[in-house]
Each structure stands twice: as C-alpha cells, then as structure tokens.
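Student: I would like to go through the terms used for this model and check each one against its cut-off.

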Amino acid sequence: MKNKKLINWLCLSGIISIIFYLLHDIVGAMNYPGYNWMSQAVSDLTSTDAPSFVVASGFTTVYKVLTCLCCALLCILVKNEDKKTLRIGVYLFSIMNFISAIGYALFPLSSAGYDGSIQSFIHVYILTTLVVLLSIVSLVLIAIGSFKSKYKLLGILAITSLVLMFLGAVGSANVPKDIFGVVERLSTYSAVVFTGILGIFGFKINTSKD
C-alpha cells in the first residue's frame, strides 16, 4: 500500500462508478411512476421524456466521469505491460467506455423503448452495436493477455463478463417481455462491473519501475 501512487488510488474511481450506476438505476426508478425494472430497459430511465430523466442523468453523468477517469489512467498504467494483447484489450475497452459516455449523452433515447426517431436509431442501432462489438473484442483480448501473464484471475473475470454480456444480448431478444429488463441488465452491468474490476487491476499495478 505504501508503494501506491496517486494514479493507482485514482483508478479506484472505477469502483465508485459502480455505486453511481446503481443509484441511477434505483433512484431513477423511484422517480419514474409505473417503471418496472423487470420488463423495462435501464436506458428508459434516461430517455429525454422520462420523469426520471433529470435525476437519473445526474447520477449517470458522475458515473461516466469516474469511468472515463479510471480508463484514462489505466491506459497510462498498462503501457509498460509485457503482453501486447492485454494492453490493446484495455485500450479498446477504454475506447468503448468513452464512446458510451459521450455517445449516449449526445444521443439519449428520445422516448422509452424505441420510437423510430433518428436520435433513438443512433442510440439503439449504431452506438449500442459499436459498444457491444468493442466490448466483445476487448474482453477477449484482455482474457488472452491475462492468461499469458500473471493476471490469471483478471482473465477469468473477463471471460465471465463476456459470457454474461452474451447471455444478456441473446436473451433480451428472445425472452418474454415481462423479464426483458432483468436479462438486459446482464449486459449493461457486466460492462459496468468489469470497469470496476479493471480499476482494482490498475490499483495493483506496480509503478515503482516507472
């Protein structure tokens, strides 16, 4: 602990970001009359016409700032890691988080669900597709690089996150509507929690050789 630098401690912002994402989900639902988390997507809470928009967006803004901070610091910390696949994986996962943070802020759902507007089209089909693809590729690379290094546990957690993300993506298109929200959250929370895991990874990186 004594050898940890400020950059290591700031990586723990990834853990704190999980708390704010949870708050946006929980408090947002409390300010959305009739909202059913089991059947509705978490993104409905921040749609521009949602009664929870202001409250939920406030929490997601803090979440995004903390996530981007964690990812930016991770990109600096992994530059000396021997395994190239691990470095590239972290870089791509960070890019995914930046695209998610900026893109979804610029193009939030205009209405709960999908209303066919250009704004919602970009949100659902362009940004989400890009985020999912980057998530998959980055997690695969992180897993491969981790298993080739001393970070075996990180590789296991990356695979676990990938499996949950896959189950969420496939399940949300096939499960009954009354449990859509439950399955959809497998995908969203897998990426959110894995960012926190990477924050712990960044905290543990030895910077004494820099």
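**Labels and cut-offs**

Tutor: Leaving out residues up to four places away in sequence, Ser135 touches Met96 and Met165, where contact means heavy atoms within 4.5 Å. The model is predicted, with local features needing pLDDT of at least 70 and side-chain atom pairs counting only at pLDDT 80 or more, while totals for chains, interfaces and linings use all residues. Residues are numbered from 1 along each chain as its sequence is written, and side-chain values use heavy atoms, with hydrogens and water left out.

Student: Why is Ser135 called buried?

Tutor: Buried means under 20% relative accessible area, exposed means over 50%, and partly exposed is in between (1.4 Å probe, protein chains only). Ser135 has a relative accessible area of 2%, so Ser135 is buried. Ser135 lies in helix 5; helices are DSSP runs of H or I with at least four residues, numbered from the N terminus.

Student: Why does Leu153 count as exposed?

Tutor: Leu153 has 57% relative accessibility and therefore counts as exposed. Leu153 is placed in helix 6.

Student: What makes the nonpolar surface patch?

Tutor: The patch covers about 860 Å² and its members include Phe147, Leu153, Ile156 and Leu186. Patches take residues with over 30% relative accessible area and no salt bridge, joining like charges within 9 Å and nonpolar side chains (Val, Leu, Ile, Met, Phe, Trp, Tyr) within 5 Å. The areas come from the Shrake-Rupley method with a 1.4 Å probe, and for residues only the protein chains shown count as cover. Helix 6 (residues 152-172) gives the largest share of the patch, eight residues.

Student: Which residues of helix 6 are buried, and what covers them?

Tutor: The buried ones are Leu154, Gly155, Ala158, Ser161, Met165, Gly168 and Gly171. Their cover includes helix 4 (84-106), helix 5 (118-147) and helix 7 (180-204).

Student: How do you know that the span of helix 6 is close to the expected one?

Tutor: The expected span is 1.5 Å times one less than the number of residues. Helix 6 has 21 residues and reaches 30 Å from its first C-alpha to its last, close to the 30 Å expected.

Student: What makes Arg185 and Asp25 a salt bridge?

Tutor: A salt bridge needs a side-chain nitrogen of Lys or Arg within 4 Å of a carboxyl oxygen of Asp or Glu. In Arg185 and Asp25 the closest N and O atoms are 3.0 Å apart, and the pair forms a salt bridge. The pair links distant parts of the chain, with Arg185 in helix 7 and Asp25 in helix 2 (residues 13-30), 160 residues apart. Both residues, Arg185 and Asp25, are buried. A search of the whole structure finds one salt bridge.

Student: Why is Leu12 called partly exposed?

Tutor: Leu12 has 23% relative accessibility, so Leu12 counts as partly exposed. Leu12 lies in the loop between helix 1 (6-10) and helix 2. Apart from neighbours within four places in sequence, Leu12 is in contact with Gly199 and Phe203.

Notes
Helix = DSSP H or I, 4+ residues; strand = E, 2+ residues; numbered from the N terminus.
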